[in-house]
Amino acid sequence: MPITGNAKLAGVFGWPVGHSLSPRLHGFWLDRYGIDGAYVPLAVKPEDFETALKALPKLGFRGANVTVPHKEAALAVCDEVDALAERIGAVNTVVVTPEGRLRGSNTDAFGFLENLIQEGPAWRADAGPAVVIGAGGASRAIIAALVDAGAPAIRVINRTLERAETLAQDLEGPIEVVTWTQRNHRIGGANLLVNTTTQGMAGKPPLDLELDALPREALVTDIIYTPLQTKLLEEAKKRGNPTVDGLGMLLHQARPGFSQWFGREPEVDAELRAFVLAGLAG
Ligand code: ATR
C-alpha cells in the first residue's frame, strides 16, 4: 500500500537485521487494515544504538522493536521501563510517548503465553510443573511468563548451571534449577516442556533429550521456527504429545507494539502465518 507524508512510522533495530521477519509481519497488518504507515528494518551497529534509539522521537517515529544484539542496551537507554522488562533484563518494544520519552517493555512473555492459549488450548499454566530447557534471554522471558501465569513449579535445565542459577535468583518464584545430567528423568511429571536453546535449529544438532519420562499429555513447544517442526516436536508428536511450534510466539509478541504505534489491535490467524512463512522460504 502506498504511504503519504503523514504515515505513522515504526521499525526494528537489529545488527544484522536482514533475517528479521518483523517488517514482513507488520507490513502485512498495515496492508490488511489499510493503515497509512510503514515499518522498516533499522540496521544499527551496537556502538551507534544509543544515539539511534534516542533519535526516534526527533524523527517522528511512534516507536520500534528491538532485536539481537540490542535488547539489553535498550533497557538502559529507555527513559521508562515497565516492571516485567526490568525483571527479564531486556526490552523488545519501545513506544515514543506524546512527550517524546522512550517507554520500553518486553512482549516476549505475552507472545509466548498467547501462542499457547491459541494453539494449545487444553494446557493450563497452573495445572502442573513446567520444564524449560535453556537459560538465555528467551528463557528469561518465558520463565517470567510462567511465574506470572501461576505455574506451581518451574524446572530450568541448562548446560551451564550457573546461568540457570542466576536466572532463578533474578526472576524469583517457584523455580528449581536442574543439572544438565539430570535432564532426561527430570522431565517426569511435567505438563509443559519448552526448548529455548538453539539446539534443533537448521544447521545445528537436535536437542539432546530423551522424552521417555514425559507424560503423554504434556504440551511440548519449541521457540525455534527454522525449521517449524524441530526434531523435538517431531518426536513428541510421534509419541502422542500435543505440540506447538515457535512461529506463533513471534507473531503474538508483535501485537502490543503494533496496536500502540498504529492504533489497531491486529489479529494472528492462518493467513498471517502463511504469509510470514512464505518469507522464511524466500
Ligand atoms: P537467547 O538469548 O536467544 O535465548 P542465548 O543467550 O545464546 O540465546 O542462549 C542460548 C541457550 O542455548 C543457552 O541456554 C545455551 O546454554 P549455555 O548457557 O550452556 O550456553 C543453550 N545452548 C547452546 N548450545 C547448546 C548445546 N550444544 N547444548 C545445550 N545447550 C546449548
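Analyst: Two strands are taken to pair if DSSP finds at least two bridges between them. On that basis this predicted model has an open sheet of six strands, in the order E2-E1-E3-E5-E6-E4 and with mixed pairing. Strands E2 (37–43) and E4 (80–81) stand at the edges; each has a single partner strand, so one side of each lacks a neighbour in the sheet.

Within the sheet, strand E3 (residues 63–66) and strand E5 (residues 93–96) run antiparallel and are joined by three bridges. Across this pair, Ala64 of the model stands opposite Val94 in E5.

Two helices pack on the sheet. H1 touches strand E1 (8–14), E2 and E3, and the direction of H1 makes about 175° with that of E2. H10 touches E1, E2, E3, E5 and strand E6 (102–105), and the direction of H10 makes about 10° with that of E5.

The helices also pack against each other. Helix H1 (residues 22–32) and helix H10 (residues 255–262) have axes 11 Å apart and meet at an angle of about 45°, which means that H1 is oblique to H10. Their crossing is right-handed. H1 contributes His26, Trp29 and Leu30 to the contact, while H10 contributes Arg255, Phe258, Trp261 and Phe262. By class, the residues of this contact are five nonpolar, one polar and one charged.

Terms used:
Residues numbered from 1 in each chain as written. Predicted model: local features only at pLDDT ≥ 70, side-chain atom pairs only at ≥ 80, totals over all residues. Heavy atoms only, no water. Axes fitted to C-alpha atoms, helices over the stretch in contact; angles between N-to-C directions. Helix = DSSP H or I, 4+ residues; strand = E, 2+ residues; numbered from the N terminus. Parallel < 35°, antiparallel > 145°, perpendicular 65-115°, else oblique. Left-handed = near helix turned anticlockwise from the far one by under 90°. Contact = heavy atoms within 4.5 Å. Nonpolar A, V, L, I, M, F, W, Y, C, P; charged D, E, K, R; others polar.
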